[in-house]
Amino acid sequence: MAARLADRDADPEGADPALMGCEVTVVGAAGEDLLVREVRADAPLLRLRAAHPHPELPHTANLRRIAAHPGLLLRVLGRPDLDRAATLRPLAVGPVPGAQHTLRLPEEWLGRADLGYDVLQGGHFPPGTAAAPAAAEGPDVLADSPLWRVRRLLESGVAGGRRAVAEAARTAEPRTAFGPLRRAGFGTAAELATALAAEADRRPRDVFGRLTDPSPDGYARAWLAASTHLAAAERSLVAASWAWGEARVSGEDRTR
């Protein structure tokens, strides 16, 4: 899974990520999301986020009902969220065969609940509670990385042009402003951000020493290089967040 996500540029443009499935234990709610832990030793938390936020679809309501049953064992089928660390957009859930504290679905549901169509009710859950795993989340490799410094610089350029980029990077010397990136191992990101800031602040002079407007070509190339590298670095971090586990089912498999 990690390798597939890291190499998703090879997929056709707009193609959805492959379905993946796993058996998990419910931990609890995190806002509108559901925290679960894969049923294996030392597995980190996985975040389940509604596959579609439309209020007329029961995705969010179903996740909220599941979150009220910590310790519940589930089979989950969904698509990885390629823009968020260790986040899955679940499409269906089902009971774990042989488990006592798991879903109890009607026979006509064929062993699975479509989270965007079926509405889970109290009778679909087992009575009582089960021991829930610890809910402490590990670090978010994407949110906790210093790459936000590059994104803020790029967004400054979108909002205010090259002068805004120059001002955003002027809080410190260009070589030290992105020191946290270098210390975290993002040396290329630091170099590209430094080059973008320097190009944004470049003001050439004519033969008489008067300031002139610089050519936009150099700035455009520097902005595009930093933006392309940032997107690739963030994709790699999202892929790394999935390195703890591989997909349990292929696109042809279904929760049974």
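This short talk walks through a predicted model of one protein, from its overall layout to a few single residues.

Let me begin with the ground rules. Residues are numbered from 1 along each chain as its sequence is written, and side-chain values use heavy atoms, with hydrogens and water left out. Because the model is predicted, local features need a pLDDT of at least 70 and side-chain atom pairs count only at pLDDT 80 or more, while totals for chains, interfaces and linings use all residues.

On confidence, pLDDT is the predictor's confidence in each residue, from 0 to 100, and this protein averages 79, with 75% of the residues scoring at least 70.

Now the layout. The protein has seven helices and six strands, where helices (H or I, at least four residues) and strands (E, at least two) are DSSP runs numbered from the N terminus. Along the sequence they follow the pattern α-β-β-β-α-β-β-β-α-α-α-α-α. Of the contacts with a separation of 6 or more, 63% are between residues 24 or more positions apart.

As for cover, 41% of the 256 residues count as buried, and buried means under 20% relative accessible area, exposed over 50%, and partly exposed in between, with a 1.4 Å probe and protein chains only. The protein exposes about 13,600 Å², and carbon and sulfur atoms supply 53% of that area; the areas come from the Shrake-Rupley method with a 1.4 Å probe, and for residues only the protein chains shown count as cover.

Let us turn to the strands, starting with β1. For particular partners, Met-20 is bridged to Gly-78 in β4, and Ala-30 is bridged to Asp-33 in β2. The hairpin of β1 and β2 has two residues between the strands, and in this hairpin Gly-31 takes a positive phi near 70 degrees.

Which residues have the most contacts inside the largest nonpolar core? They are Leu-34, Ile-66, Leu-74 and Leu-120, in a core of 25 residues. A nonpolar core is a set of buried Ala, Val, Leu, Ile, Met, Phe, Trp, Tyr and Cys residues joined through side-chain atoms within 4.5 Å. The elements that give two or more residues to this core are β1 (20-30), β2 (33-38), β3 (45-48), α2 (59-67), β4 (73-80) and β5 (87-94), and β1 gives the most, with four residues. A second, separate core has 23 residues, including Val-150, Phe-186, Ala-233 and Leu-237. As background, nonpolar side chains tend to be buried together in soluble globular proteins.

Next comes helix α2, whose buried residues are His-59, Thr-60, Asn-62, Leu-63, Ile-66 and Ala-67. These residues lie on the same side of α2, because they cover an arc of only 160 degrees around the axis, the arc being that of the directions from the helix axis to the C-beta atoms. What covers them includes β1, β2, β3, β4, β5 and β6. His-59 counts as buried because its relative accessible area is 8%, and, leaving aside neighbours within four places in sequence, His-59 is in contact with Ala-50, Ala-51, His-52, Pro-90, Leu-115 and Gly-116.

Is Leu-224 buried or exposed? Leu-224, which is in helix α7, residues 216-241, is exposed, because its relative accessible area is 51%. Leu-224 and Leu-196 are 28 residues apart in sequence and 9.2 Å apart in space, C-alpha to C-alpha. Arg-151, found in helix α3, residues 148-168, is partly exposed, with a relative accessible area of 34%. Arg-151 touches Leu-230 and Glu-234, not counting residues up to four places away in sequence, and, C-alpha to C-alpha, Arg-151 is 7.9 Å from Ser-227, although these two are 76 residues apart in sequence.

Notes: Contact = heavy atoms within 4.5 Å. Pairing = 2+ DSSP bridges.
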